[in-house]
Amino acid sequence: MPVRSPATAERRRHDREILALAVPAFGALVAEPLFLMADSAIVGHLGTAQLAGLGVASAALTTVVGVFAFLAYATTAAVARRIGAGDRRAAVQQGVDGIWLALLLSAGLVLLTLLLAPQAARLLGASATAAPYAVTYLRISALGVPAMLLVLAATGVLRGFQDTRTPLLVAIGGFTANLLLNLGLVYGAGLGVAGSAWGTVIAQNAMAAVYVVVVVRGARREGATLRPDAAGIRASARAGGPLLVRTLSLRAVLLLATAVAAHLGDAEVAAHQITMTVWSFVAFALDAVAIAGQAIIGRYLGAGDLPGTRAATRRMVEWGLGAGVLFGLLMVLGRPLYVPLFSSDPAVQHQLSTALLLAALTQPVGGLVFVLDGVLMGAGDGRYLALAMLATLLVFVPAALAVPALGLGLAGLWWAMNLFMLARAAFLVGRVRTGHWMVTGAVRS
């Protein structure tokens with residue numbers, strides 16, 4: 001038998017570790033865009049106004065919840081560091097504190113979503129025909145916000161423990177329930193857009209209940225307390241602060257893109273919604289390697305293993321680039337198969353043709369961006385990520401605002417989105433090359 005070189009053996013070891021985390025993470029990560037894809041496909045056949053309303057509501061709701069993605073990201077990194085340092089009880093306690101923080105934050109978010117739904121629809125440029133559907137979807141979906149934040153925090157705990165299989169199983173169950181409930185409530189019960197929102201809320205709360213059971217069992221097994229700890233909750237909030245700034249900047253980009261599309265017309269915003277849904281699906285798929293990066297890099301740095309950190313980062317970058325090329329090709333070649341599923345409106349399909357092609361162009365760049373984002377999150381390098389995303393926002397805003405001013409249409413908007421991805425890549429590559437992010441220890445000082 002041929003003798004493997006040490007370098008080959010190391011690559012294969014990293015491949016096994018990355019795949020063991022990334023493949024299950026892929027299924028869990030795509031749950032959110034799959035929810036939106038199912039909703040879009042079901043609601044899209046009710047009419048263009050209904051789909052446009054869903055597009056605006058989805059952008060607002062995703063922003064409300066998405067700005068708190070640090071509940072997963074910061075928890076994953078902090079828990080993984082403690083796992084690397086060999087302190088499982090402290091790792092569980094860190095996760096419990098993150099879950100309590102999620103529940104505290106969700107109370108205010110529910111109230112704000114209920115009160116400000118009309119203003120949000122108007123701010124995002126919903127037309128008079130689409131706005132009522134957007135408001136209906138938003139107000140019902142507010143009831144699922146606590147469940148969504150809890151799922152984020154609990155998922156971060158399990159990822160930090162190098163467990164992406166449990167989130168996969170929960171995601172499969174949640175997506176299946178969401179699809180069946182939406183079909184039954186939208187068409188069977190005749191509830192329309194409201195039925196779609198109720199189906200998603202029920203599925204999200206069921207997922208949250210499963211996570212509560214899993215985390216409670218883990219805390220009891222390791223001897224961690226389930227009571228809220230003010231100091232621990234504050235520490236979780238501090239760790240997530242920079243990532244909150246980063247995510248707010250990212251959401252500002254996505255919201256501005258939706259607002260620009262909405263001002264272009266109903267067909268354009270509907271096509272943009274579908275393109276963003278597909279783009280998000282691919283982005284979450286590419287982010288599977290980034291999730292592996294968060295868990296692996298946090299564990300290596302917690303154990304003080306710098307050579308392992310460098311080797312794992314290098315291999316994950318290779319995986320990210322390869323996956324980006326593959327998904328970009330699938331986006332282009334698969335258009336005849338999936339476009340008709342979302343809309344039968346010829347005007348919407350015409351807009352989709354160009355937008356999807358442009359979105360596919362930068363998928364290899366996206367693969368690089370998501371991997372490096374995950375690596376730096378795993379290292380706890382939140383401050384740099386916040387500053388880099390703020391700088392990227394400054395690049396995107398004038399490009400996006402120029403689209404309606406110059407009459408560039410939906411194609412111009414997606415050229416601006418591609419510029420946004422290229423700017424992100426430049427900032428992240430520059431940081432990783434310095435090595436300043438590699439700080440070892442159970443807690444990043």
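Q: How do I read the packing of helix α3 against helix α6: how close do their axes come, and at what angle do they cross?
A: Start with two things, the approach of the axes and the angle between them. This is a predicted model, and in it the axes of α3 (residues 48–66) and α6 (residues 131–141) come within 7 Å and cross at roughly 40°. Parallel pairs have angles under 35 degrees, so α3 and α6 are oblique to each other.

Q: Which residues of α3 and α6 meet?
A: Once you have the geometry, go down to the side chains. From α3 come A49, Q50, G53, L54, V56, A57, A60 and L61, and they meet Y133, A134, Y137, L138 and S141 of α6. Sorted by class, the residues of this contact are 10 nonpolar and three polar, with no charged ones.

Q: What about α4 and α5: at what angle do they cross, and how close do their axes come?
A: Helix α4 (residues 70–84) and helix α5 (residues 88–123) have axes that come within 8 Å and cross at roughly 170°. An angle over 145 degrees counts as roughly antiparallel, so that is the label for α4 and α5. Their crossing is right-handed.

Q: Which residues make the contact of α4 with α5?
A: On the α4 side you'll find F70, L71, T75, A78, V79, R82 and I83. The α5 side supplies R88, A90, A91, Q94, G95, G98, L101, A102 and L105. By class, that gives 10 nonpolar, four polar and two charged residues.

Q: At what angle does α5 pack with α9, and how far apart are the axes?
A: α5 and helix α9 (residues 193–222) pack at about 145°, with their axes 9 Å apart. This crossing is left-handed. In the contact, R88, R89, V92, V96 and I99 of α5 meet V215, G218, A219 and E222 of α9. The class count here is five nonpolar, one polar and three charged. Note that R88 turns up in this contact and also in the contact of α4 with α5.

Q: On to charges. How many salt bridges does the structure hold?
A: The general idea is that side chains of opposite charge can pair when their charged atoms come close. In this structure there are seven salt bridges. One of them joins R315 and D15, with the closest N and O atoms 2.6 Å apart.

Q: Where do R315 and D15 lie in the chain?
A: Always ask which elements a pair connects. R315 is in helix α12 (residues 306–333) and D15 is in helix α1 (residues 6–29), so the bridge ties together parts that are 300 residues apart in sequence. D15 counts as buried, with 14% relative accessibility. There's also a network of salt bridges to trace, linking D15, R315 and E318.

Q: What does R246 form a salt bridge with?
A: Its partner is D373, and the closest N and O atoms are 2.5 Å apart. The pair links distant parts of the chain, with R246 in helix α10 (residues 230–264) and D373 in helix α15 (residues 363–378), 127 residues apart.

Q: Are R246 and D373 buried or exposed?
A: Check relative accessibility, where buried means under 20%. R246 has 4% and counts as buried. D373 has 5% and counts as buried too.

Q: Which residue pairs with R431, and where do the two lie?
A: R431 forms a salt bridge with D381, the closest N and O atoms being 2.8 Å apart. R431 sits in helix α17 (residues 409–434), while D381 is in the loop between α15 and α16 (382–406), 50 residues away. Both R431 and D381 are buried.

Key:
Residues numbered from 1 in each chain as written. Predicted model: local features only at pLDDT ≥ 70, side-chain atom pairs only at ≥ 80, totals over all residues. Heavy atoms only, no water. Axes fitted to C-alpha atoms, helices over the stretch in contact; angles between N-to-C directions. Helix = DSSP H or I, 4+ residues; strand = E, 2+ residues; numbered from the N terminus. Parallel < 35°, antiparallel > 145°, perpendicular 65-115°, else oblique. Contact = heavy atoms within 4.5 Å. Nonpolar A, V, L, I, M, F, W, Y, C, P; charged D, E, K, R; others polar. Left-handed = near helix turned anticlockwise from the far one by under 90°. Salt bridge = Lys/Arg side-chain N within 4 Å of Asp/Glu carboxyl O. Buried < 20%, exposed > 50% of the residue type's maximum accessible area, 1.4 Å probe, protein only.
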